[in-house]
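Please read them beside the coordinates.

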Amino acid sequence: MEGYMTVQEVAEKWNLTTRRIQKMCTDGTIPGVTKFGRSWVIPESAERPKDGRVTTGKYRNWRKKHTKDPDAEPSL
């Protein structure tokens, strides 16, 4: 199809995995994607969307930050 690229072509262009591109298509983060049969087609003019995943480590070990005080009374 003229004017469109496959998931594999976009993955090579943006230096991402094909699975990541498929997930972006499913989530709708790439504007203009279309499902063509069982495959996604992406417009050649599509820009790489911003990666919204947290990479700062802000949420690392977030469960360990909330320790319970053994002397506190149980709440009901």
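**Notes on the predicted model**

1. Thr26 lies in helix H2, where helices (H or I, at least four residues) and strands (E, at least two) are DSSP runs, numbered from the N terminus. Thr26 is exposed, with a relative accessible area of 53%; buried means under 20% relative accessible area, exposed over 50%, and partly exposed in between (1.4 Å probe, protein chains only). Across the sequence, Thr26 and Trp40 are 14 residues apart, and their C-alpha atoms are 9.1 Å apart in space.

2. On provenance: this is a predicted model, in which local features need pLDDT of at least 70 and side-chain atom pairs count only at pLDDT 80 or more, while totals for chains, interfaces and linings use all residues. Residues are numbered from 1 along each chain as its sequence is written, and side-chain values use heavy atoms, with hydrogens and water left out.

3. Overall layout. The protein has two helices and three strands, and along the sequence they follow the pattern β-α-α-β-β. Of its 76 residues, 21% count as buried.

4. Which residues have the most contacts inside the largest nonpolar core? They are Val10, Ile21, Cys25, Ile30, Val33 and Ile42, in a core of 13 residues. Such a core is a set of buried Ala, Val, Leu, Ile, Met, Phe, Trp, Tyr and Cys residues joined through side-chain atoms within 4.5 Å. H1, helix H2 (18–27) and strand E3 (39–43) are the elements that give two or more residues to this core. H1 supplies the largest share, four residues.

5. Salt bridge. A search of the whole structure finds one, taking a salt bridge as a side-chain nitrogen of Lys or Arg within 4 Å of a carboxyl oxygen of Asp or Glu. The partners are the side chains of Lys23 and Asp27, at 3.3 Å from N to O. Both residues lie in helix H2, four residues apart, about one turn of the helix. Lys23 counts as partly exposed because its relative accessibility is 37%, and Asp27 is also partly exposed, at 48%.

6. Negative patch. Glu2, Glu9, Glu12 and Glu44 form a negative surface patch. Patches are made of residues with over 30% relative accessible area and no salt bridge, with like charges joined within 9 Å and nonpolar side chains (Val, Leu, Ile, Met, Phe, Trp, Tyr) within 5 Å. Lys and Arg count as positive and Asp and Glu as negative, while His and the chain ends are not counted; the place of a charge is taken as NZ of Lys, CZ of Arg, CG of Asp or CD of Glu. Glu12 is found in helix H1 (residues 7–14) and is exposed, with a relative accessible area of 68%.

7. Nonpolar patch. Met1, Tyr4 and Phe36 make a nonpolar surface patch of about 340 Å²; accessible areas come from the Shrake-Rupley method with a 1.4 Å probe, and for residues only the protein chains shown count as cover. Phe36 belongs to strand E2 (residues 34–36). Its relative accessible area is 53%, so Phe36 is exposed.

8. Backbone at Asn15. Although Asn15 is not a glycine, it has a positive phi of about 60 degrees. Asn15 sits in the loop between H1 and H2 and is exposed, with a relative accessible area of 68%.

9. Is Ala46 buried or exposed? Ala46 is buried, because its relative accessible area is 10%. Ala46 is found in the segment after E3. The C-alpha atoms of Ala46 and Met5 are separated by 9.6 Å, with the two residues 41 apart along the chain.
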